[in-house]
Amino acid sequence: MALDEPIHGPFAEFLDDYFVECEEHLGVARRSLLALEPSVGQPNPDRLLLDELFRCFHSIKGLSAMVDVRAAEQLAHQMESYLSALRKRQILTTSGLESLIAGVIMMEQVIAARRAGASPPDIASLLHRFSALASLEEGSPSCAPVDEPTLPEPEIGPLRPGESVWQFTFAPTPELAARGVNVNTVRERLQAVGEVVQAIPLLHVAGRIAFRFVVRSNAAESSFAVWERDSIHYEPYASTSKAGDALVESALPSDTEQRPAAPVPVSPLGGSNLVRVDLSRLDELMRMVGELVISRAHLDDTLKRASSAMQPADWRTLQDTNLALERQLRDLREGVMRVRMVPVREVFARMQFVVRDLTRESGKKVALELSGQDTEIDKFVVERMMDPLLHLVRNAVSHGLETSSDRAASGKSPEGHLSLRASTTGETILIEVEDDGRGIDAERVFARARTLGLVAAETAPTASLLDVLCAAGFSTRDVADRASGRGVGMAVVRTAVEELGGSLALDTTVGRGTRFTIQLPLTLAIADALIVEIAGQRYAVPQVSIREVIRIEDAELTVLENNEVLYYRGGVLPLMRLSEYFGLDSAAQQVRYALVTGEGLRAVGLAVDRVLGLREVVVRPLTDPLVRVSGIAGATELGDGHAVLILDASGLARSSRQSGKRDNLRLNALASPALATAR
Amino acid sequence: MKNILVVDDSATMRRMVMASLRTLTEVAFHEAANGLEAIERLALAPIDLMTLDLNMPDMHGLEVVKFVRRHPMYERIPVIVLTTRSDEDSRGTALTGGASLYLTKPFDPAVLASRVREFMNLP
């Protein structure tokens, strides 16, 4: 086995699982570290949090060793040693917490590097930092021994009013287990009614295994009396045994299994309710729902054609069924979509973490406010939004927010405010990153852009600030700093958002602050689309990317610098003839409508001949690199069995601006192989 | 059919252990993610051998070993402790506490498989 895979070791097949599990552990670690922050400098930091952190790094260490990610193993080992020293008696210092935060961030990078097949970042200085921290505590070895396991008397502590202490015993049997009553679910039930202060196994006299739980709870006795039928017995707790005797105690009533087993409803707490599913399986499920949507559209078309040939009553019944089917399909589609959704909480927690790290570096004071953390976003989208959001947050802290003294000088609170908000509106998701910092000085940005040659002097007044910021190669800094100079400019942010079919907007006031708003479609797989006709061919255009459909009168068209423009809302809108762009035969030139897409300077009118209607379409990406064409997002099948291409409106708007180098593609030739790939 | 109980709080690690032992025939695997669950499994299935992680959320692996050794019905079950670097200091404690074998992660899957064969008298 080792010979077959000399580079990756025998457990290489588990790498994907490794990445997923590490991500989970790091998520827990981030939350625990943020929760630990208030106890900096206090004696006895929260033991449970430290235990949790310790276990995260312990697990990462073990797994990293198995899949041979040495840097992660070493780092986790040092962090674990430090945590183990901390658990003994120490005070968590600011530098300790900061080192742990830096450790988590470094761990992310180490794992990301392994995932990308790149060489790991240098961890030597961080390792050194942890061993220095651990050795600060005289006598604590760098390899801390495992705590000697003990079975102490439960530490019950002072009772709050209305609380009592109960002792529960539970003996598992295969019958109970088959009903979902097992030690894990029993523990969960008890945790739901109070605090489990002890959970230990008992050696029963009859040689059977049982468990004892000591629980402090203010719940009424009646709430667990009904658990008797699940063989969960209870009595008031009395401290009887000395430490160590617990293992051999006999605590079960003798007639345990004699009671008739009443039919018991399945416990709502039965087992762990979480399932981990590979995203590709959900893609497959979504694909099948997509097939259904197409079949129903087919049925819809057939029904319309059949209306004249059928008895009205029969037809209406069929039509009712058809409409019910449509509703049910929408529900099904939403159900599948919901499965793919994850709360944005985890992303926000990561931002919280990054802000924490940045404020330490920059010495600024930042209060981070999060809202809408339960907003759910498609897992695929979340992963692609991580870097753009990180960039916006980094920008806000390092450029947007001022130092405390600058803020005080301009009459602001010394603490800067940064808000991360998420919300859903209909079919779209909004994510906002807002700061109350110095705002973006448009004049300075334009001046800089002119210096860099990105904007011609005369166009500056009409160009939108966001367009300039997002121009490739734009930076207001002459020297990139660590926080923002990572090569992920605003251009990349906007591209990432647009690739997901979303849009980016900017709102800024000098001296008051800046807000970036990201708008994203809720799902990528099925979309409402306008069906349009260009030179006799039909195309689908996702509705979410179209701001408006306007009718064109020939009189409104003007030619300006070799471009056709349209007067539109007090300005001019460049018109892009899609028939020309795609090289279609369009002798007739009967353009009648423009689909307005893009914001501000990037708004473009896509000229089409006719608008045929609005439909739900299933987006099939074109995966074959040979048929990938700019301006085409994918393909779909309409209900009448015909395939049409889906236009990428924002991509078209982008290439319209670089109109000098338009691809001259023979789309007719493309259509058939493209669709063959798409299916 | 022999029954092997794989105890580890990491699902990935449990799969790695089972993958290491997939060359064994006539074996069924049972899994537990914490100490109490491990002990419960003993009551629910005729377990012939246990692989055991030490650092688990509710109960230390050494407590599990001690419990198993004190229980008349399960005291003979071979327990292979699989643990991570730096727990070396607990090797002695684990072996005196009743562990049959102590392997450190990363373990060699072939070594694990051959030791399990020995313990279970498998061909």
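Asp51(A) and Arg47(A) lie four residues apart in helix H2 of chain A and are therefore separated by about one helical turn. In an α-helix there are 3.6 residues a turn, so residues three or four places apart point the same way. In this predicted model, Asp51(A) and Arg47(A) form a salt bridge whose closest N and O atoms are 3.1 Å apart.

Over all chains of the structure, a search finds 47 salt bridges. Side chains of opposite charge can pair when their charged atoms come close. One of these pairs consists of Arg333(A) and Glu616(A), with closest N and O atoms 2.1 Å apart. Arg333(A) belongs to helix H10 (residues 312–340) of chain A and Glu616(A) to strand S20 (residues 610–618) of chain A, so this pair ties together parts that are 283 residues apart in sequence. Arg333(A) is buried, with a relative accessible area of 3%, and Glu616(A), at 18% relative accessibility, counts as buried as well.

Asp436(A) forms a salt bridge with Arg407(A), for which the closest N and O atoms are 2.9 Å apart. Because Asp436(A) is placed in the loop between strand S9 (428–435) and helix H14 (442–451) of chain A, while Arg407(A) is in helix H13 (residues 404–409) of chain A, the pair ties together parts that are 29 residues apart in sequence. Here Arg407(A) is buried, with a relative accessible area of 0%, whereas Asp436(A), at 22% relative accessibility, counts as partly exposed. Beyond such pairs, a network of salt bridges links Arg30(A), Arg31(A), Glu108(A), Glu346(A) and Arg350(A).

Between chain A and chain B, the buried area is about 4000 Å², and carbon and sulfur atoms give 64% of it. The contact draws 53 residues from chain A and 43 residues from chain B. Three salt bridges are counted between the two chains, and Arg22(B) forms a salt bridge with Glu13(A) in which the closest N and O atoms are 2.7 Å apart. The count of residue pairs in polar contact between chain A and chain B, both at pLDDT 80 or more, is nine. On the side of chain A that touches chain B, the elements giving two or more residues are helix H1 (15–36), helix H2 (47–66), helix H3 (70–89), helix H6 (174–178), H7, S2 and S3 of chain A. Of these, H2(A) gives the most, with nine residues. By residue class, this side of chain A divides into 30 nonpolar, 11 polar and 12 charged residues.

Helix H7 (residues 183–193) of chain A is mostly covered, eight of its 11 residues being buried. The buried residues of H7(A) are Val183(A), Asn184(A), Thr185(A), Val186(A), Arg187(A), Arg189(A), Leu190(A) and Val193(A). Their cover includes, from chain A, strand S1 (164–170), strand S2 (194–203), strand S3 (209–217), helix H8 (221–225) and strand S4 (232–236), together with helix H2 (35–44) of chain B.

S1(A) runs antiparallel to S3(A), the two being joined by seven bridges, and Phe168(A) has Phe213(A) as its bridge partner in S3(A). S1(A) also pairs with S4(A) in the antiparallel sense, over five bridges, with Trp166(A) standing opposite Pro236(A) in S4(A).

In chain B, Asp53(B) is placed in the loop between strand S3 (49–52) and helix H3 (61–70). Asp53(B) is buried, with a relative accessible area of 2%, and its side chain makes a polar contact with the side chain of Lys105(B) at 3.3 Å. With neighbours within four places in sequence left aside, the residues in contact with Asp53(B) are Val7(B), Asp8(B), Asp9(B), Gly61(B), Leu82(B) and Lys105(B).

Note on methods: Residues numbered from 1 in each chain as written. Chains lettered and ligands numbered in written order. Predicted model: local features only at pLDDT ≥ 70, side-chain atom pairs only at ≥ 80, totals over all residues. Heavy atoms only, no water. Buried < 20%, exposed > 50% of the residue type's maximum accessible area, 1.4 Å probe, protein only. Contact = heavy atoms within 4.5 Å. Buried area = accessible area lost by both parts, 1.4 Å probe. Salt bridge = Lys/Arg side-chain N within 4 Å of Asp/Glu carboxyl O. Polar contact = N/O pair within 3.5 Å; in protein donor to acceptor, adjacent residues only side chain to side chain. Nonpolar A, V, L, I, M, F, W, Y, C, P; charged D, E, K, R; others polar. Pairing = 2+ DSSP bridges.
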